[in-house]
Amino acid sequence: MDTDATGNFLVSKGRPQITLKGLEYLNESSLMQRAMKMAKGIKDCVPGI
């Protein structure tokens, strides 16, 4: 993963990556769990996504 001059992580639009800390947050956050379920439902309904 790349960082800028101040140490902030850079995310490429073509190659997004997630850290273990980010995965833990997604797993523990009820708001994010609802958003993931909604996104999964949209993906299942819209072909080609």
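Biologist: Which residues does Asn8 touch, not counting residues up to four places away in sequence?

Modeller: The model is a predicted one. Asn8 is found in the loop between strand E1 (2–3) and E2. Contact here means heavy atoms within 4.5 Å. With residues up to four places away in sequence left out, Asn8 touches Asp2 and Thr3.

Biologist: Is Asn8 buried, partly exposed or exposed?

Modeller: A residue is buried under 20% relative accessible area and exposed over 50%, with partly exposed in between. The relative accessible area of Asn8 is 47%, so Asn8 counts as partly exposed.

Biologist: In what order do the elements of the chain run from the N terminus on?

Modeller: The chain has two helices and two strands. Read from the N terminus on, these elements follow the order β-β-α-α.

Biologist: Where is the place of Ile18, and what accessible area does the nonpolar patch of Ile18, Leu20 and Leu23 have together?

Modeller: Ile18 lies in the loop between strand E2 (9–10) and helix H1 (20–28). Its relative accessible area is 49%, and Ile18 is therefore partly exposed. On the surface, Ile18 forms a nonpolar patch with Leu20 and Leu23, and the accessible area of these residues together is about 310 Å².

Biologist: How far apart are the C-alpha atoms of Met36 and Leu26?

Modeller: Met36 is found in helix H2, and it counts as partly exposed because its relative accessibility is 41%. Met36 and Leu26 are ten residues apart along the chain, and the separation of their C-alpha atoms is 8.7 Å.

Biologist: What share of the residues of the chain counts as buried?

Modeller: The accessible surface of the chain comes to about 4,700 Å², and 60% of that surface belongs to carbon and sulfur atoms. The C-alpha trace spans about 40 × 30 × 15 Å along its principal axes. Among the 49 residues of the chain, the share that counts as buried is 6%.

Biologist: How far apart are the mean positions of the positive and negative charges?

Modeller: The chain has 7 positive and 5 negative charges. The distance between the mean positions of these two groups is 8 Å.

Key
Residues numbered from 1 in each chain as written. Predicted model: local features only at pLDDT ≥ 70, side-chain atom pairs only at ≥ 80, totals over all residues. Heavy atoms only, no water. Patch = residues over 30% accessible without salt bridge, like charges linked within 9 Å, V, L, I, M, F, W, Y side chains within 5 Å. Areas by Shrake-Rupley, 256 points an atom, 1.4 Å probe, with all protein chains shown as cover. Salt bridge = Lys/Arg side-chain N within 4 Å of Asp/Glu carboxyl O. Helix = DSSP H or I, 4+ residues; strand = E, 2+ residues; numbered from the N terminus. Buried < 20%, exposed > 50% of the residue type's maximum accessible area, 1.4 Å probe, protein only. Lys, Arg positive; Asp, Glu negative; His and termini not counted. Charge placed at Lys NZ, Arg CZ, Asp CG, Glu CD.
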